[in-house]
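Hi there,

Here is the structure I promised to pass on to you. Have a look around it first, then read my notes below.

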Amino acid sequence: MAGQNTFTIIKPLAVTKGYIGPILNKISEAEFKITALKMLHLTRGEAQRFYEVHVGRPFYDDLVEFMISGPIVVAVLEKEDAVEEYRKLIGSTDPEKAEEGTIRKMYAESMQANAVHGSDSDENAEIEAAFFFPSSDRF
Ligand code: ADP
Ligand code: MG
């Protein structure tokens, strides 16, 4: 059975540009329930660890720099088929390829500064949620 949870990050530039509210609104309109939420500034070590699967990719070092360039908002989202449904809502990694109405189409600046993260599997959703939230901070 597909999972109920996914994990998201509103990335630094989207936070700086004032898109926290609009993005959370899109998430609510799409009938995801927010079950954990906070704002924080990643350390370099945390950003490196979060994106560990991408070590060695040409974009890795720049991605880590970008992710520590300002505060972020992290959240756990609940809905039936959460991972797949949220990937549909955010759109393609490259905002130029993202469909109209998707979060990345509306709020991304570039492939790197693409507004939001979304988990790619149920297993990673749990790992990523646990990275930021102890179970006592999930509701
Ligand atoms: P997604 O976030 O859609 O799951 P990936 O997991 O492949 O995409 O990549 C993680 C993040 O790394 C992307 O969201 C984006 O910020 C950045 N990224 C991926 N590919 C590139 C690239 N070719 N150039 C710059 N940044 C990239
Ligand atoms: Mg990914």
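Let's start with H117, which sits in strand 4, the stretch covering residues 116-118. Keep in mind that this is a predicted model, so everything below was computed from predicted coordinates.

Is H117 buried or exposed? Its relative accessible area is 11%, and because buried means under 20%, H117 counts as buried. Which residues does H117 touch, if you skip those up to four places away in sequence? The list is F7, T8, I9, K11, F50, Y51, Y86, I90, R104 and E128. With E128 there is also a polar contact: the two side chains come to 2.9 Å from each other.

- R104: a polar atom of its side chain is 3.0 Å from an oxygen atom of ligand 1.
- N114: a polar side-chain atom lies 2.9 Å from an oxygen of ligand 1.

How much of ligand 1 does the protein cover? On its own the ligand has 530 Å² of accessible area, and the protein covers 77% of that. The space that ligand 1 takes up is the largest pocket.

Now for something about the backbone. Most residues other than glycine have a negative phi. Two residues here go the other way.

One of them is E31, which is not a glycine but has a positive phi of about 70°. You'll find E31 in the loop that runs between helix 2 (20-29) and strand 2 (33-40). E31 counts as exposed, because its relative accessibility is 64% and the cut-off for exposed is over 50%.

The other is D81, again not a glycine, with a positive phi near 55°. D81 belongs to the loop between strand 3 (72-78) and helix 5 (82-90).

Cheers

Key: Residues numbered from 1 in each chain as written. Chains lettered and ligands numbered in written order. Predicted model: local features only at pLDDT ≥ 70, side-chain atom pairs only at ≥ 80, totals over all residues. Heavy atoms only, no water. Helix = DSSP H or I, 4+ residues; strand = E, 2+ residues; numbered from the N terminus. Buried < 20%, exposed > 50% of the residue type's maximum accessible area, 1.4 Å probe, protein only. Polar contact = N/O pair within 3.5 Å; in protein donor to acceptor, adjacent residues only side chain to side chain. Contact = heavy atoms within 4.5 Å. Areas by Shrake-Rupley, 256 points an atom, 1.4 Å probe, with all protein chains shown as cover. 1 Å grid on protein atoms, 1.4 Å probe; cavity = no way out; pocket = protein on both sides within 12 Å on 5 of 7 lines; lining within 4 Å. Sits in = over half its atoms within 2 Å of the grid points.
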